[in-house]
Structures are given as C-alpha cells and as structure tokens.
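Please open the structure in a viewer and follow the stops below in order. Each stop names a selection and then describes what is found there.

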There are 2 protein chains.
Amino acid sequence: MLFRQIRIPEGRGTTVADVLIQNGSIAAVSSERLDVPAGTRIYDGQDKLLLPGLVNAHCHIPMTLLRSRGHGLNLQRWLTEAIFPFEAKMTANDMRIGTKLGLLEMIAGGVTSFSDMYMYIVDIADECLNAGIRANLCYGIGSGDEPFENRRGVQETLALLDWVQKDNRADYITVDAGLHAEYTSDEETVRAVAAFAAEHNLSVHTHLSETRFEHEQSLERHGMTPLAWFEHCGLLHNKTQVAHAVHISADDIALMQTRNVVPVHCPGSNLKLGSGIADIPAWQAAGLPFAVGTDGAASNNNLNQLEELHLASMIQKGYRFDPLQLDVEALMSAAFENGYRVQGRAGGQILPDLPADLFVLDLDRPHLIPADDPLALLFHSAQASDVCLTMAAGKILYENGEFKTLDAERIKAESAQAVKSLLARI
Amino acid sequence: MLFRQIRIPEGRGTTVADVLIQNGSIAAVSSERLDVPAGTRIYDGQDKLLLPGLVNAHCHIPMTLLRSRGHGLNLQRWLTEAIFPFEAKMTANDMRIGTKLGLLEMIAGGVTSFSDMYMYIVDIADECLNAGIRANLCYGIGSGDEPFENRRGVQETLALLDWVQKDNRADYITVDAGLHAEYTSDEETVRAVAAFAAEHNLSVHTHLSETRFEHEQSLERHGMTPLAWFEHCGLLHNKTQVAHAVHISADDIALMQTRNVVPVHCPGSNLKLGSGIADIPAWQAAGLPFAVGTDGAASNNNLNQLEELHLASMIQKGYRFDPLQLDVEALMSAAFENGYRVQGRAGGQILPDLPADLFVLDLDRPHLIPADDPLALLFHSAQASDVCLTMAAGKILYENGEFKTLDAERIKAESAQAVKSLLARI
C-alpha cells in the first residue's frame with residue numbers, strides 16, 4: 001500500500017510525502033512521488049494526516065461493560081456497590097466481550113497498541129490477536145493468603161508467557177509484570193513481583209499515588225511515599241511504568257528520573273473520579289518523559305485517546321494560567337514517542353523500517369478547517385470520529401466506519417446482552 | 001414527523017415515548033403509541049435518545065476562519081500578531097463564509113441556537129436564517145471617538161433590529177445589546193448601552209472577568225469589580241448575560257442573583273487561553289443558574305458544545321477533588337433549561353407546545369454501550385459525531401452526515417480559500 005502525497009508530522013509542523021507500506025513495515029518515506037509495483041493500493045493523501053498509531057498506555061479494557069455503572073455515586077459507594085459486585089460475576093466470556101467492545105472503540109479512534117491490567121489476560125490476549133491490535137498485558141498482582149507462585153495473577157501471567165511463545169504472537173502481545181498498587185500489596189508481594197519481573201525480564205506496570213488518600217496512607221504505613229516504598233522493595237530495578245502519579249513528591253520525581261520510571265498520565269479518569277490534576281510542569285522541569293492513557297471505561301467513561309490528549313493539553317493550560325503549557329512538541333512526545341517507549345515497542349514516528357502501526361486523520365471536516373496547523377487541530381479540534389483509517393503491522397483494521405477484523409454489530413449486541421445477564425446475576 | 005418509541009430525558013433518567021412534531025412544534029408526547037395521519041414520516045426511536053437542541057450560549061462564529069491561528073503564542077502575541085491583523089482584513093463575505101463554516105460544525109453537533117457577538121451582524125443573521133438555525137446576535141460595542149449613536153456597533157444593531165421586523169425573522173433571530181467588556185468601555189459607553197437596551201427592550205450580552213488581569217485592572221481603575229462597575233453604570237437593570245466570569249467575587253455572585261444576571265461558563269476557552277477555572281460550586285451554592293458556551297473557534301479551537309459540557313463536568317470534579325460536583329441534574333439544567341432561558345426562548349424540555357428544536361443522539365455506538373444510563377453517556381462518553389439528527393422549528397437541518405440547508409462541500413472549499421486570501425492580504 002502506498003499513501004500518496006499525504007501529510008505527515010515534521011517537527012512542530014507537517015510535510016507532504018509518499019509513504020510506502022510493505023511486509024508490515026514502513027518501507028519508504030519520500031517527498032518525491034514513489035514508483036510502486038502494479039497492484040499496489042494507492043491511498044490518496046489529499047486532506048489527510050498520517051500519524052503513528054496512538055498508544056493507550058493505561059487501560060482496563062473489559063471494564064467497557066461497566067461504563068457509567070454507578071455514575072453519581074461517591075468513590076467508596078461506586079466501588080463497593082457498583083463495581084466490585086459486578087466484576088465478581090464476570091466470566092472469561094464476559095472478559096472477551098468487554099475486550100472486543102473496547103477494541104472497537106480504540107481501533108476506530110486510531111489506537112494501535114494499549115497497555116492493560118486486568119484478569120483473564122490470556123482471553124484478552126487472544127481477542128487482541130484476533131483483532132490484529134498490539135497490547136502489553138498484565139495481571140495486577142496483590143497480596144494474598146496463598147504462596148506467591150500459587151496466586152491467580154502469577155498463574156495467569158505464566159500462562160500468558162507460555163501462550164505468547166507460539167506463532168509470532170510476541171510481535172503483538174507483550175507480557176508485563178503487574179503489581180496492582182501499594183495499598184493492595186504487602187512487602188513480600190512487592191519483592192516477589194520484583195523478582196518475578198527480573199526472572200522473566202518483564203517490565204513492571206503498576207498504579208501509583210492516584211489519590212491523595214493513597215499517597216498519605218502510604219506515608220503513614222511505611223513512612224515512605226508509594227514510589228519510595230517500591231524502591232525500598234527493589235521493584236524499580238526493573239523497567240517500570242506507573243499509572244496516574246497525581247500526588248507524587250519532588251523526591252518521587254527525582255527517583256523516577258534515576259530509575260527511568262515512566263509515569264502514565266490519565267487526566268480523564270483523574271478528573272472524573274475527583275483524584276486531582278497531575279503536576280505535569282514539574283515532570284517536564286525534571287525532564288521526565290510521560291505517556292498518556294485513558295484508564296478503564298468505568299472511571300473515564302470512554303477509551304477515547306484523542307480526547308485524553310485534548311484533556312491533557314487543556315487542563316494544564318487552564319489550571320496553571322499559562323496557555324504555553326504542554327505545547328504541540330510536548331503533546332507529540334507524550335502521544336507518540338513516549339507511548340511506544342513505555343511499551344518497549346519500535347514506533348512513534350513515520351520513518352522507514354518502523355512497523356506500519358499508523359492511523360489517518362481526515363482533515364476534510366468543518367471543525368478542522370482551516371488546516372494550516374494540523375497538529376494543533378489534532379490535539380484541540382479533532383474528534384475520535386475524524387480517524388478514517390487505522391492500521392497495525394501493515395494490516396488495515398478499520399477504514400471509513402468499517403471494521404476489518406471485528407464484527408461490530410455482533411459485538412455491540414453481545415455486549416448489551418452480557419451486561420443485562422451480569423446485572424441479573426448480581 | 002413522529003419519533004416512534006424514542007428515549008427522552010425524564011428527571012435523572014430517561015423514558016420511552018412517542019413524540020409528534022407538527023407545524024414546527026412538539027404537538028404531543030405520549031408513552032403510548034400515537035396514531036398519525038397517513039404520510040407522516042415515522043422515525044424509529046430504537047437505540048436513539050431525543051434531546052432538546054443544544055444552546056451554545058457564547059460564541060463569535062466567524063472566528064472559525066481563525067481556528068488555530070497563532071496557536072502556541074502567548075495571549076498578547078496571539079492577539080496582536082495573529083488575531084487582530086487577520087480580523088482587520090475580514091470582509092462581509094468572509095463573515096458569511098466563517099458563519100456558514102461554524103454553522104456546519106454546530107448543526108452537526110446538535111446545536112439549534114447560539115448567542116453570538118461579532119461584527120457584520122446582519123450578514124451573520126442572514127446566513128443563520130438561510131440555514132434555519134436560531135441565534136441571538138449582538139455587536140460588542142465599546143468606547144469610541146464618535147458620538148454613541150454614530151458608532152458602528154450601534155448602527156449595525158439598529159440595522160439588525162430593522163432587518164428582523166420582516167417575514168417572521170424574529171422567530172429565528174433575537175437582537176441583543178452587546179457591550180464588549182469593561183476594559184474596552186468608558187462609563188459613558190456603558191451608560192449609553194444600558195439606555196439603548198432599555199429603549200429597545202433588549203437583553204445585554206457582555207464579557208466579564210475573563211482573566212485575573214481584567215478583574216484586577218478594573219479594581220484599580222474603578223475601585224470596583226467589572227460587574228459592580230456595570231451595576232454602578234446602570235447596565236444590570238436590563239436582563240444581562242455575562243460570558244466567562246472566571247474571576248468574580250462573592251459580592252459579584254450575590255449581585256448576579258439580585259439582578260438575575262446569567263453567567264455563561266466557557267470552560268474550553270478558559271482552559272486553552274490559560275484564563276483559569278470558574279468557581280461553579282460557588283455559583284451553585286448561591287443558586288445561580290448558568291449556561292455554557294464554546295466561545296469562538298480561535299480560542300477554543302472548536303464549536304463542539306457536547307465537548308464543552310463534558311469539560312464543564314470533568315474539570316469541576318477533578319479540580320475540586322469531588323466526583324459529585326456537577327451531577328447529571330446540574331448538567332441537564334446548564335445544557336438545556338438555562339441555555340433557553342438566557343436566550344429568552346421557549347424550550348429546553350420535550351413537552352407539548354414547545355418549539356421543535358431537537359437533536360437525536362445515536363446510542364448504537366461502541367463507546368455508548370451499555371446504555372442503561374444515557375444521560376451520563378451524553379455528558380461523558382458521547383462525541384459530537386454521535387448526533388444523527390438536528391431539527392430546528394420542526395425542520396430537519398442535518399441527518400446522518402447530510403446537511404439539508406447548507407452546501408457543506410462548497411462551504412469547506414470557500415472557507416479554505418477565504419483564509420488563504422486573507423493571509424495573502426495581511
């Protein structure tokens with residue numbers, strides 16, 4: 001496939017190029033018109049912006065089935081009355097349905113890879129592979145009565161490690177070591193996850209200082225912030241990504257720098273649950289790269305990564321009284337380069353030899369005119385529905401409203417039915 | 001036209017009803033299936049949510065042509081280098097083109113009425129009438145060397161008052177008295193606008209305390225907040241709506257209550273320009289009803305009213321550390337009831353005898369499933385592109401991607417051309 005004379009990012013702006021896709025990769029990028037073999041599909045780049053696929057760097061994908069559940073309850077009632085009883089009844093099949101529903105939303109919104117923490121991770125992996133999307137998957141391990149190696153999270157992670165060995169599955173699915181959070185873990189568990197990650201050479205994915213309460217409770221419990229305590233337990237000797245990080249200290253930021261810990265900013269979830277606004281300028285002042293994620297649909301209410309980037313930009317500008325916060329360059333890094341980096345994947349730019357994980361934004365929409373600053377539009381005017389093509393590993397997953405690997409009508413119907421049935425069982 | 005068995009709002013939730021439209025109005029709303037004359041179009045309400053048309057309560061519609069202009073500059077450079085030189089060159093025809101471009105975006109996003117402040121208001125009115133959308137239009141009058149009655153804003157307002165007298169135009173276009181802002185007005189001007197509004201029985205539309213700087217400068221200049229100074233000048237004896245109100249005092253809030261001044265919250269613009277976050281809980285504690293608007297596309301970067309309501313909800317929850325801020329009931333009032341109220345129009349509910357100003361949200365989208373809390377979805381999951389029908393005065397303006405009163409392809413092309421030509425003239 002050849003994207004003919006299509007806009008691509010170049011620094012703060014864009015340029016027009018021919019982009020050739022072959023064997024799942026970007027084969028060539030040229031400002032000249034490329035010659036291609038007969039039979040190559042030519043995609044007209046007129047009024048289109050080609051971008052690296054979006055990485056949703058923190059998600060709980062099957063929670064699409066819990067979207068809006070308990071909306072209007074406070075956090076404690078939301079969790080105990082609406083979320084936990086529902087989750088307790090979810091079967092492997094529900095997980096698959098919720099995953100597919102989330103994939104529809106993410107793929108239509110330009111996401112080609114996401115980092116997830118949930119249960120039934122082999123089932124989730126299988127659905128991702130079927131859909132042709134990439135994912136970093138983990139089970140958020142926590143304390144338990146059983147020996148560490150018998151805990152369900154460890155068993156599921158080992159099963160997923162086995163599963164990915166076959167048929168180049170590792171090209172699509174990366175296994176991470178999941179630690180749920182400081183407040184659900186004792187020291188033995190954190191040390192065991194650290195050792196487990198080191199043994200299998202896995203990155204660690206965890207929640208960190210999402211709420212002020214969590215942060216302060218850790219100080220009380222351990223005399224340390226959650227991050228300092230993770231360091232104390234040896235966790236950060238592994239490559240680590242931490243979701244939220246809303247209430248971290250200056251020392252935490254310095255420690256993240258030292259240990260190459262990447263924070264994943266989840267502005268939508270942090271706003272909707274009343275967790276607060278992360279201190280992004282402090283991260284930037286320390287030179288700390290960060291990625292962006294939606295969190296689960298139960299707390300965010302959608303998996304709209306473009307909206308998430310929009311929120312990230314807007315909040316800092318307004319909250320800091322400074323329209324220059326998070327300029328387009330910073331947004332580009334957070335959206336692309338850092339997402340790929342945190343996942344340990346090649347990508348994030350339109351360059352030869354990188355995997356063809358891409359999406360196309362249709363600029364020919366009333367709300368994207370005039371289009372002389374397409375990157376400003378991408379982060380501030382575009383809707384997820386302006387994505388008109390999503391491709392992973394050179395394969396088109398979505399184009400102009402049509403899903404190529406997923407049966408949208410069936411998934412929507414199954415999802416509604418699964419929720420009905422789950423509610424009847426609670 | 002009959003909306004057959006369609007979801008409509010009812011308190012905090014929704015109910016299913018038949019809604020009959022006749023002669024531009026809602027003729028009947030019934031939980032039973034209504035019989036209708038042969039030839040009536042039946043609209044299948046399955047998976048659809050019918051809502052009152054959205055009111056964008058503060059806009060500068062021709063500024064769509066300035067979308068993204070100067071993005072990344074600070075406020076002072078943005079205004080002086082990017083905005084003012086561009087605006088100075090805009091012709092009546094540019095205003096018409098920019099208006100039509102904005103109408104495409106708003107109509108496709110469920111907006112059936114908006115309140116606007118700009119120049120060439122008869123041209124804007126004419127385009128609104130052609131498109132079949134309703135609008136409250138004003139010219140933001142400010143100080144000038146000429147006698148008040150000779151100023152362009154007054155002349156344009158008088159011309160618009162004349163213009164609306166014909167052919168039931170007043171059903172569509174309401175003339176407001178526009179006062180630009182405290183910082184662009186001397187006392188003589190404010191008093192003259194107050195008298196002008198009283199003489200012609202017009203509501204006043206003005207900017208208020210948008211930035212901290214503006215608010216503090218007024219205290220220095222007048223020893224009064226902008227609102228207190230407006231009161232001092234007699235302005236608030238008229239029905240008044242004030243856009244932004246980010247930096248108002250407790251006394252200002254009390255004064256708004258006394259004088260029935262309605263603030264229009266513009267969260268997107270306030271965030272993007274770094275103006276700050278309005279104290280909505282204080283407004284609510286005082287029982288002050290407020291409407292919501294996008295402001296112009298130059299500062300917000302779009303005219304997406306659903307996104308604006310989403311921002312309004314999310315910011316307060318996150319900034320106040322309280323997920324219960326701006327619950328669905330409050331969002332419903334802000335979105336509908338107060339928008340109609342501030343415009344002095346009947347509407348905001350699905351009830352017999354109200355004008356048929358409506359839009360339909362398609363719930364059959366992956367990101368809107370499960371749909372058992374449709375109003376939470378409306379404010380937290382929906383995209384403007386989920387709007388599948390927009391109707392004003394019983395006439396369909398937009399349905400499933402098709403504009404019925406506007407030539408979208410031509411307007412998009414004309415807009416791009418107009419911007420190119422304007423830039424060449426600067």
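Select helix α3 (residues 121–131) and helix α4 (residues 152–163) of chain B: in this predicted model, their axes come within 9 Å and cross at roughly 30°. Two packed helices are described by the angle between their axes and the distance between the axes. Now show the side chains where the two helices meet. From α3(B) come Ile121(B), Val122(B), Ala125(B), Asp126(B) and Leu129(B), and facing them from α4(B) are Glu156(B), Thr157(B), Ala159(B), Leu160(B) and Trp163(B). Colouring this contact by class gives seven nonpolar residues, one polar residue and two charged residues.

Remain in chain B and move to Asp167(B), which is placed in the loop between α4 and β10 (173–175) of chain B. Most residues other than glycine have a negative phi, and most peptide bonds are trans.

The next stop concerns the peptide bond. Select Ile369(B) and Pro370(B), which are joined by a cis peptide bond with omega of about 0°. Pro370(B) belongs to the loop between β16 (358–362) and α14 (374–380) of chain B. Then select Ile369(A) and Pro370(A): a cis peptide bond is present here too, again with omega of about 0°. In chain A, the loop that holds Pro370(A) runs between β15 (358–362) and α14.

Return to chain B and display Asp18(B) with Arg4(B). Their side chains form a salt bridge, with a distance of 2.6 Å from N to O. Asp18(B) sits in strand β2 (residues 13–22) and Arg4(B) in strand β1 (residues 2–10) of chain B, so this pair ties together parts that are 14 residues apart in sequence. Side chains of opposite charge can pair when their charged atoms come close. Over all chains, the count comes to 48 salt bridges.

Turn now to the sheets of chain A. Select β6, β7, β8 and β9: these four strands form an open sheet in that order, with parallel pairing. Its edge strands are β6 (54–59) and β9 (173–175) of chain A, each of which pairs on one side only. On average, neighbouring strands of this sheet are turned by 15° against each other, direction ignored. Strands of a sheet pair through backbone hydrogen bonds, either parallel or antiparallel.

Within this sheet, highlight strand β7 (residues 111–117) and strand β8 (residues 134–138) of chain A, which pair in the parallel sense over five bridges. Ser113(A) stands opposite Arg134(A) in β8(A).

Select strand β13 (residues 262–265) of chain A together with β14(A): they pair in the parallel sense over two bridges. In this pairing, Val264(A) stands opposite Ala291(A) of β14(A).

Finally, show both chains together. At their interface, 64 residues of chain A are in contact with 64 residues of chain B. The two chains bury about 4700 Å² between them, with 63% of it on carbon and sulfur atoms. Between chain A and chain B, 23 residue pairs are in polar contact. Four salt bridges are found across this interface. For one to inspect, select Asp364(A) and Lys412(B), which form a salt bridge whose closest N and O atoms are 3.2 Å apart.

Which elements give two or more residues to the side of chain A that touches chain B? They are α2 (92–108), α9 (267–272), α12 (305–319), α14 (374–380) and α15 (408–425) of chain A. The largest share, eight residues, comes from α12(A). By class, the residues on this side of chain A divide into 26 nonpolar, 23 polar and 15 charged.

Key:
Residues are numbered from 1 along each chain as its sequence is written. Chains are lettered from A and ligands numbered from 1 in the order in which they are written. This is a predicted model: local features need pLDDT of at least 70, side-chain atom pairs count only at pLDDT 80 or more; totals for chains, interfaces and linings use all residues. Side-chain values use heavy atoms; hydrogens and water are left out. Contact means heavy atoms within 4.5 Å. Buried area is the accessible area (1.4 Å probe) that two parts lose on being put together, summed over both. A polar contact is a pair of N or O atoms within 3.5 Å; within protein, one must be able to donate a hydrogen and the other to accept it, and residues adjacent in sequence count only if both atoms are side-chain atoms. Ala, Val, Leu, Ile, Met, Phe, Trp, Tyr, Cys and Pro count as nonpolar, Asp, Glu, Lys and Arg as charged, and the others, Gly among them, as polar. Two strands pair if DSSP finds at least two bridges between them. Axes are lines fitted to C-alpha atoms, for helices over the stretch in contact, and angles run from 0 to 180 degrees between N-to-C directions.
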